Amino acid sequence: MLEVSGLTVDYILDQGNVRAVDDVSFTVGRGEFLGIVGESGCGKSTLLFAAAQLLAPPATVAAGTVTFDGTNLVGLTDDQLCAMRWRDMSVVMQSAMNALNPVTSIGAQFKDAMRAHGKFTSEEIAARSAEVLKMVGIDPVHLRSYPHQLSGGMRQRSMIAMAMLFTPDLIIMDEPTSALDVVAQRSLMVQIKELQLEFGFAVIFVTHDMSLISHFSDRLMVMYAGQVAEIGATKKIFDRPLHPYTQGLLEAFPSIRGPRVPLKGIPGNPPDLSRVPAGCRFRPRCPYAIEKCAVIAPDLYPHDGTLVRCLRREDGSLAS
Amino acid sequence: MTDDSPRPQLLRADHLTRHFKIGGALSRRTLHAVDDVSFAIGEREIVALAGESGSGKSTIARMLARVYKPTSGEVFFEGKPLSSMTSRQGRLRYSALVPMVFQDPFSSINPVFRVQHGVLRCLKLHRPSLSAAQRLEEAARVFEVVGLNPNMLQRFPYELSGGQRQRVGFAQALAMRPKLILADEPVSMLDVSIRIGLLNLMAKLRDEEGVSILYITHDIASARYVADRLIVMYAGQIAETGPIEDVLTHPRHPYTQLLLSAVPDPRAPLSVAAETDRGEPPRVIDPTPGCRFRWRCPLAIDTCAQVTPELAELRPAHEAACHVAQTSSEEVKAFT
Amino acid sequence: MAMPVSGVPTETPATQAPDLGSGRTLGRFGRAVRLNRKATVGSVLLLIFILIALFPGVIAHDSPTQDAYTPQLGVSTAHLLGTNHYGQDLFAQLVYGTRNVLIIAFVVGLATTTIAVLIGVAAAYLGGLADSSLNVLTDVLLVIPIFPLLIVIAAYAHGGTTLVLIAAITLTSWSYTARQLRSQALTLRRRDFLEAARVRGERSLYIIVVELIPTMTSLLVASFLTNALYAVLFASSLQFIGLGDPNTVSWGTTLYWAQNNAALQTGQPLWAIAPGACIAVLGAAFALLNYAFDEIGNPALRPVRKVRQRKGTEQRAGK
């Protein structure tokens, strides 16, 4: 349904161009839940914005296509995009506090969204607004509330409700739970999953918290330094992470059960994208790097249903 | 009802309370940010203060840092009450012994100066006997202790990553030779793979530099990784406290159980119990007596709505403020 | 150790570009001025005016006040802009007048910004009663219309000298900037590094002057430029209506004499137009620099460079 192929995004800066997203490809089928995981600077938010055609200068799509239901979104005009925005694909932003207009009520914002994408009567708008709020578990009386009157969890839910106004085929979510506490996070994730199963839309969920998404996503894509490091079925990746970065990430989560063991995290920092090192981008921090990792930049290599960007997986020299 | 820690006591909070007036000038409403909180921190230990937003943990930190004055209650440091520290000298000495590390690595360092600025100022203010050259030496030394290359002293904050900036925060605190560092969510804004490095640093400061740390967080897993004792806060009050392993393996307070069940753990199957709870911590405005968790608690009984529970020891050194837990002989499970 | 690139919007919150100069930052600053077209044009213009003000004798060979020439001459090589009704060389008048204008611009700009900083930032940081009382003072001055007040003051000072002009404009202009700076300081007040300074025991005055104000440099520069610009306009206007000292050599006084002698109607258009054009160009220089500083400080405002898109046919060998 959504096919991203070879997507490359550059930031045009005075000091030179920075390639924030480098040749990323993935697909999302109908009703599928794809998680995109990565840390700061990996390009996941840029990727999301590029896929939703929301990039603003100095960011620009340098190459690649984003095909949604057969149509390439790259290069479409605003009017053409408007026709499919919110009806077929909608976006939930990271911080509801920043994404919701603080001076208008929730109901008014819903009305704006509906009016922007179709002709409806006031009754239809009111009815649909109440309906979507009930879907996310908020009392429709809050249509009259202002964002600051709602708690963080409720604000986030109303963002999701707004994204569901037209029951789109795809909802893109950019770290919708990062500002919430752990109980609210869990509750929201469960809610999203339930809605997804009930209405059958696909979800692309971007997060930096791998453990959060482990129980909810069907497939997982791990990004590092603008590239896809590993992509495959969630369960496979968690049971047997192939890329050393994925391994390191999984091990960086202290658990609350089981023995207390000292952890290492991943030493070092992500590379400076304006001066990308030769060879594998993860090599400076990789505990398994060998000589050729500094010279050859690995491609994505299929390994038992998962794609992984690692030379040592490719030649089988790294035992799992 | 003081928290009994086997180590010599460094800091003791005694019935700390902090209220804020909210609403306009004519309003009579009070926000009870912290209500009747008592605990102690010993030498060479890391105490985790855990809770969600609105639980009062940051307010407690700020009272300990003397940013806020308590509405009532007292803080004793090395046996002396803070309210008796009125001279500038006394206050300076306290801020050196009990410094604070902040949450946001991107706004806790002044972007205009080089990174050494804060450390050098700390040294200038609190160790005036040092010469300028000695100050630079000491700055380099504390940078090394926190794992930063001393040549980073000359850099500007924008050249450092989030993790490195947080280390600078710890270096600033260390430069003053503290006894207790108040760390207000020092890793929440960092990437996951960087957090471990900072947590390891905190453990190292406790073990090698002999510094105690009050680690404020909402992430119980990281608390478990690094802390010796745990204080769980809810709605401005202490819900449960004790040695961390004990509290996490035998949580007595239903809120602690809820928190534990909500923590995402990829190695464990999804816990169903937490689903029904929406995670709406209360804003405590003009509260009535009774347990503040009762609306979310599946085990609430009549007493819970009438009498505010107090901390009582249920296991050795392990206290919880819950009527049901206190009156039941076996372990109660509100949320599995 | 790899360093993050500044300017690339990463997932982490954007850091503020350093505002205060250091060896390294001045270098970056110089480069930024060269690359930004508005900054280059603005600075070149301003530089030209400064040079003219510093060395008027080099550029104009005649004295501005000497009325020895034949009056009402047209443009010629001897008199680049002709002479006026009194036989004074117009070009010399403008050249020598630059000094007066620039002095007024810079002194007012500096004085206004300084007063505004002291009052606005102190009010924001100290809060409470100090804030309220300083606000009352600021608001009262803000509400009074500047130009009528200027006229009253200048008239009361009986045709003031340049100093009176400077004082009057400064006194009436600082309140607007104070308001702006107070707002900015209010948003910065809650930044953790200020709280960190407080917690480590710094005194309030130190925090305001050393920690807070340096982070507001871009706004301070903008205030200086704006106030300098308005000083030029206000001073020239006051001189034009005769409230300056008509005997000083300045663009505004030249306009005054041109108006007095009905220059436009009597076929001496340059007498009126030339000083007006100078005022406009200097004003434009300040305005361009202002925009340029905005863009340098805030990359989101920069004009977008057109990028030729290569549609999907990029083949990168070996990747």
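Helices α3 (residues 116–126) and α5 (residues 162–175) of chain B pack against each other at an angle of about 10°, their axes 8 Å apart. With an angle under 35 degrees, α3(B) is therefore roughly parallel to α5(B). Keep in mind as you look around that this is a predicted model. Below are some notes on this helix pair, on chain C and on one threonine of chain A.

**The helix pair in chain B**
- The crossing of α3(B) and α5(B) is right-handed.
- On the α3(B) side, the contact is made by B:Gly118, B:Val119, B:Cys122 and B:Leu123.
- Facing them from α5(B) are B:Ala171, B:Gln172 and B:Ala175.

**Chain C as a whole**
- Chain C has 319 residues, and 41% of them are buried.
- Among contacts in chain C with a separation of 6 or more, 68% are between residues 24 or more positions apart.

**A threonine in chain A**
- Where does A:Thr60 sit? You will find A:Thr60 in strand β4 (residues 59–68) of chain A.
- Is A:Thr60 buried, exposed or partly exposed? A:Thr60 has 18 other C-beta atoms within 10 Å, so A:Thr60 is partly exposed; buried would take 20 or more, and exposed 12 or fewer.
- A:Thr60 and A:Thr8 lie 52 residues apart in sequence, with a C-alpha to C-alpha distance of 8.6 Å in space.

How values were computed. Residues numbered from 1 in each chain as written. Chains lettered and ligands numbered in written order. Predicted model: local features only at pLDDT ≥ 70, side-chain atom pairs only at ≥ 80, totals over all residues. Axes fitted to C-alpha atoms, helices over the stretch in contact; angles between N-to-C directions. Helix = DSSP H or I, 4+ residues; strand = E, 2+ residues; numbered from the N terminus. Parallel < 35°, antiparallel > 145°, perpendicular 65-115°, else oblique. Left-handed = near helix turned anticlockwise from the far one by under 90°. Contact = placed C-beta atoms within 7 Å.
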